Amino acid sequence: MHTASGPSTTILEHAVDGLPGLQFSVVRVRYAPGESGGPHHHTAPLLGYVVSGALRSSVGTGPGRVYQAGDSFYEAPNVIHRVSANASATEPVTFIAVFVAPASNVLTVPHPR
């Protein structure tokens, strides 16, 4: 079962054909204007797609980046995600996160601030 930082909804969990024990998890995350999630890491690779709005993200020691609607991004597993925030003070942001991991994995692990 998936746990995410920020307000999230699991929209699909499905077995990966031919790879017993693995599943796709597709999660929709929404942040209100100015909202952010806490530091965390993922236990599996994440592919993301910004549906609407603008997402500010900073992973590991890399520079922060703002992803706009239509942008996609990748996050490696087990790297601290320092910032995940709505880049707008007036518009919400929605993005989709896709994981492939063992069905029993907790996908998002929070870190102390």
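Strands are DSSP runs of E with at least two residues and helices are runs of H or I with at least four residues, both numbered from the N terminus. The legends below concern a predicted model, in which local features need pLDDT of at least 70, side-chain atom pairs count only at pLDDT 80 or more, and totals for chains, interfaces and linings use all residues. Residues are numbered from 1 along each chain as its sequence is written, and side-chain values use heavy atoms, with hydrogens and water left out.

**Figure 1. Overall fold of the protein.** The protein contains zero helices and 11 strands, and along the sequence its pattern reads β-β-β-β-β-β-β-β-β-β-β. The radius of gyration, taken over C-alpha atoms, is 14 Å, close to the 13 Å that the globule rule gives for 113 residues, so the protein is as compact as a globular protein of that length. The globule rule is 2.2 Å times the number of residues to the power 0.38. Along the principal axes, the C-alpha atoms fill a box of roughly 45 × 25 × 20 Å. Contact means heavy atoms within 4.5 Å; among contacts between residues at least 6 apart in sequence, 67% join residues at least 24 apart.

Figure 2. Accessible areas come from the Shrake-Rupley method with a 1.4 Å probe, and for residues only the protein chains shown count as cover. The accessible surface comes to about 6000 Å², and 60% of this surface belongs to carbon and sulfur atoms. Residues are classed as buried under 20% relative accessible area, as exposed over 50%, and as partly exposed in between. By this criterion, 36% of the 113 residues count as buried. There are 6 positive and 6 negative side chains, and the centres of the two sets lie 9 Å apart. Lys and Arg count as positive and Asp and Glu as negative, while His and the chain ends are not counted; the place of a charge is NZ of Lys, CZ of Arg, CG of Asp or CD of Glu.

Figure 3. A search of the whole structure finds three aromatic pairs. Rings of Phe, Tyr and Trp (its six-membered ring) pair if their centres lie within 6.5 Å, and planes under 30 degrees apart count as stacked, over 60 as edge-to-face and the rest as tilted. The ring centres of Y67 and F73 are 5.0 Å apart and the ring planes stand at 35°, so this pair is tilted. Both Y67 and F73 are buried. One aromatic cluster is formed by Y31, Y67, F73 and F95.

Figure 4. I96 lies in strand β10, which spans residues 93-102. The residue is buried, with a relative accessible area of 18%. Leaving aside residues up to four places away in sequence, I96 touches I11, V26, V27, R28, L47, G48, Y49 and V51. The C-alpha atoms of I96 and G18, 78 residues apart along the chain, are separated by 24 Å.

Figure 5. V109 belongs to strand β11 (residues 108-110) and is partly exposed, with a relative accessible area of 27%. Not counting residues up to four places away in sequence, V109 touches H40, H41 and T43. A separation of 6.2 Å is found between the C-alpha atoms of V109 and H42, which are 67 residues apart along the chain.

Figure 6. S36 is found in strand β3 (residues 36-37) and is partly exposed, its relative accessible area being 39%. Not counting residues up to four places away in sequence, S36 touches Y31, S84 and A85. S36 and L55 are 19 residues apart along the chain, and their C-alpha atoms are separated by 9.5 Å.

Figure 7. N78 lies in the loop between β8 (72-75) and β9 (81-86). Although N78 is not a glycine, this residue has a positive phi of about 65°. N78 is exposed, with a relative accessible area of 54%. T90 lies in the loop between β9 and β10 and is exposed, with a relative accessible area of 60%. From C-alpha to C-alpha, T90 and V100 are 33 Å apart in space and 10 residues apart in sequence.

Notes
Buried means under 20% relative accessible area, exposed over 50%, partly exposed in between (1.4 Å probe, protein chains only).
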